[in-house]
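Hi everyone, thanks for coming.

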Amino acid sequence: MYTPRINWVLLVLYGLAVAGVFAAALLIPTFRDIAYAPLRELILPPPAPIVVSVLYSTEKDAWLKDVITGFEASGAKVNGHPIKVELQALGSWEINAAVMDGTRKPVIVSPASSLQITALQDASITRTGKSLVNPADSGACRPVLKTPLVLVAWKERADVLWGQQPASTLWKNVHDTLVNPQGWAALNHPDWGYVKFGHTDPLKSNSGFMTILSMTYGYYGKTSGLTSSDILTDRDFQKWFLDTESSLGQFEDSTGPLMQKMITYGPSTFDFVAVYEATAIAQADNAVGRYGELRIYYPPALLWSDHPFCILNADWVTPEQTQAGKLFINYLSSQPAQNLALMKYGFRPVDPSVKLDQAGSPFDRYAANGFIADLSHLPELEIPAGNVLNTLRDFWSRNVTR
Amino acid sequence: MKFRIQFLLSLTIILFMLLSACGQLQSVISPGTATVSIVYGSEKTEWLEPLVKQFNAANNKIKNGKNILIKSTAMGSIESVRGIMDGSLQPTVWSPASSIYIPVANAEWRKTHTDDLVTGTPKDLVLSPVVIAMWRPMAQALGWPGKALGWTDIAQLATSSDGWKAFGHPEWGQFKFGHTHPDYSNSGIVSIIAEAYAGAKKQRGLTEADLQSPDLNQFMSAVESSVIHYGTSTGFFSDRMFSNGPSYLSAAVMYENLIVAQESKRLAGTSSQIPVVAIYPKEGTFWSNHPYVILNAPWVTDEQKEAAEAFQAFLLDKPQQLKALELGFRPSDPSVPLTAPLDTQHGADPAQPKTILEVPSAAVIGGIQNLWKQTKKPVDLVVVMDISGSMGGDKITSARSSLMQFIRKLDDRDRLEIITFSTDITTLSSLSELGGKRQQVLDSVSGIFEGGDTKLFDATLQAYQELQQNGDPKHIRSVVVLTDGRDNSSTSSQADILNKINAAQGEGGNSIKLFTIAFGSDADKTVLQKIADPTGGKEYDSSPTTIQSIYDDIATFF
């Protein structure tokens, strides 16, 4: 049978074109999607995923694990590469230490609060002249969830200590009752022993650090302008602060276990503790029917745990990982993820379209326990400069026995 | 050619089959075992042991495929620390009854290591407050439940010469109190710390200077004067109280869960005792929180840590926590509600305790232990030792050396008498304080040798009568009898001894206690048990290899 030469040429060209498409699909993942799907899955290896490692604080562990599946299933890609998120939990301050000494090299860090981001910015500039994080770039570094530091107390005891709500002199009053050798007897309740307050270890846990920062502001009766010299030179403050801290027992490593102990051990062990509002919400049902009514009290000025997610400005982070990280942060800020954070885990969303007091939300269900959706009437404490935060940490570390 | 193709085909099929079988083979060939040894406070035996069996039976594995095998040993919490420190115990996990002794353990460990033995904050397995267990009618006589009771009430009762008569019940006799030995058991150390706080009228901030106060010394002596005897573990102590009844012990320091367990038995009809209730001391108490400590010790491998963490997760899982609640513990899982049997019907009040005492520093705890040694109730002890002909060889050698070791452990204020018996009965040393004669007694014991018949009953009766006549009723009075055979030359009988013991039953827990050691298989264990049991003492089976541990156990009663 005779075959014209031209046909041979066409056949060879067709063959080359097919081979070219396959080669392109192999080399450039974007072309993979145009290949015939069953054949593609059979012949072509899947493109390597872009790994986004996230070093995060433990308080949002359950929510993150919950939303990560949805993110990976959403099919988000960078240059045709799928994105794989790897989670590594650590204490908020330990995240800073691990990144600074190079023992961990994540793409994203997410401590419990912007306090740590400010401190990390200060520490990295001091050491290398370059900031590892850039909060000014909201695409690469921004808060994703919010929850304030609150006091959780057994109502019967809070009624005696501060009544309906703590006064503006909360921390001074707390100091005075804690150091009084008569304890509860001075308040006509000798059977309650000495007054027992709990917060976490400020060197390991953000809520503990927020507590001692709030106390420091409380001593000076101000909401901004805290300086290192306030901490280092005022002997009266130092005595006041250390007397308060030495009246506490053991410092728990993280906030969740402290709240659990508040509930399982009851008022015998803690009259009140400083934890996050979201932590109190998570345990609200467990407290029912144990040692009486457990209530939440907002301090006179608020400090927020705002869970920033920040892509590191580090040489181990590739441009593709930065892009993938931004997509992940966008997903976390999206309405479904934010709604889940509120309804299931008690965090306050940063997305204003998600209503806090909607029916069935924790602020609706636990309103009787003192939870308040609108806190706009309370002032906020200013986050001091990084060097002030590090001074306070050092002061605690050098002077408080754990 | 066709044959070659068939051959190649067959070879390929066999190869595929072998390769497929590899997966199965891997499961047949054991990849090894990751063994986790756990030494734990005996109070949670009933909860933990079935769970160990359940976990082992489930063939749980660590990541590298090795099977996890849990090996558990119950032991007094303080005793286990000593074992870890002297190297005789090398567990992966240590789970004492409470965290109170952890600072002391770390301080001790730091003397020879650069790091702590216990790092971080160990997780609690289950909780139970330390309480004073008291028979309900007795608690009611003191004003309970309307009146809060505490350590100071115990001290007042202990020092009152009228005893229960002052509360309208002369028929109950003297107040009889008990707690375990602070050198062995968590509830013992907790008891003496609480006593020290009550004596110093403090609830926190106890200092070494406080311990020097004569008032505190007097207070502790007063409380300790009502103690009938000490003991090695809280579980053992509660068994004693609940089997022997209110004539034996009026009250004892133990954990809430043991009272709930006893009340569950009573309500189910398996115990015929009167009801017992938990008194939550008004001055404050401590929690028994059963920390699960994966030791930071050189002998613990990464594999063992992983396996130990898996077992910890299992114990903290809800079904296991619910089982703990059934047994009277308060679960550490806050999602498990505090429901029955944690209720007043079972002698407990889940709304208590109202307050706790501050855990003192390691140095202050050491100071309290020393103070207790000065204020504890002394012992009047008669040791009766068989030196008949059958005790020859290993027996007499090990009996001699273990008795000498036992004597070394007694305090200077303790009073000791030693009687040997064979064909004759000889008093080696009469009842007097050990302080001035310790070396002389040790020399006498080292010279003991065997020969002659077995005058067991006469010697035992003589020891018992001498202690009745010369012993101080304010001391713990005990007779320890060691024999390897049967009586063959006494003039008195077993019945004579039992008559004497029965005649003294009115003294209840303060009566003379007989500890008998059946040394070897020829000893008459039945007889020895019959004369030990009614006194609140104990019968031991022993051999030359175990005799030292028997003496160690007896020492915990004093």
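Let me start with a single side chain: B:Lys373 counts as partly exposed because its relative accessibility is 32%. On the cut-offs, buried means under 20% relative accessible area, exposed means over 50%, and partly exposed is in between, with a 1.4 Å probe and protein chains only.

Before going on, some housekeeping. This is a predicted model, where local features need pLDDT of at least 70, side-chain atom pairs count only at pLDDT 80 or more, and totals for chains, interfaces and linings use all residues. Residues are numbered from 1 along each chain as its sequence is written, chains are lettered from A and ligands numbered from 1 in the order in which they are written, and side-chain values use heavy atoms, leaving out hydrogens and water.

Back to B:Lys373, then. What do the side chains of B:Lys373 and B:Asp183 meet in? They meet in a salt bridge, at 3.2 Å from N to O; the rule asks for a side-chain nitrogen of Lys or Arg within 4 Å of a carboxyl oxygen of Asp or Glu. The two ends come from distant parts of the chain, 190 residues apart: B:Lys373 is in helix α13 (residues 362–375) of chain B, and B:Asp183 is in the loop between β6 (177–178) and α7 (186–200). When I say helix or strand, I mean DSSP runs numbered from the N terminus: H or I with at least four residues for helices, E with at least two for strands. And B:Asp183 counts as buried, because its relative accessible area is 19%.

Another pair in chain B is B:Lys525 with B:Asp541, where the closest N and O atoms are 3.9 Å apart. Here B:Lys525 sits in helix α18 (residues 525–532) and B:Asp541 in strand β17 (residues 538–542), 16 residues apart. Both ends are partly exposed: B:Lys525 has a relative accessible area of 35%, and B:Asp541 has 43%. There's also a network, in which salt bridges with shared partners join B:Lys147, B:Asp153 and B:Lys282.

Over all chains, the count comes to 27 salt bridges. One of them is in chain A, between A:Asp66 and A:Lys344, with 2.8 Å between the closest N and O atoms. That one links helix α3 (residues 61–73), which holds A:Asp66, to helix α14 (residues 335–345), which holds A:Lys344, across 278 residues. A:Asp66 is partly exposed, at 31%.

Let's zoom out to chain A. Look for 16 helices and twelve strands. The C-alpha trace spans about 115 × 50 × 35 Å along its principal axes. Of its 402 residues, 52% count as buried. Take the contacts, meaning heavy atoms within 4.5 Å, between residues at least 6 apart in sequence: 74% of those join residues at least 24 apart.

So how do the two chains meet? In the contacts between them, 27 residues of chain A touch 27 residues of chain B. Together the chains bury about 2,100 Å², with 46% of it on carbon and sulfur atoms. Buried area here is the accessible area (1.4 Å probe) that two parts lose on being put together, summed over both. On the chain A side, A:Tyr194, A:Tyr265 and A:Arg290 lose the most area to chain B, together 32% of what that side buries.

Last stop: some backbone details in chain B. As background, most residues other than glycine have a negative phi, and most peptide bonds are trans. The bond from B:Trp144 to B:Pro145 is cis, with omega near 5 degrees, and B:Pro145 lies in the loop between α5 (136–141) and α6 (151–159). The bond from B:Ala340 to B:Pro341 is cis too, with omega near 10 degrees; B:Pro341 is in the loop between β11 (330–331) and α13.

Then there are positive phi values. B:Lys201 has phi near 55 degrees, in the loop between α7 and α8 (214–225). B:His290 has phi near 45 degrees, in the loop between β9 (287–288) and β10 (291–294). Which of them is buried or exposed? B:Lys201 is exposed, at 77% relative accessibility, whereas B:His290 is buried, at 0%.
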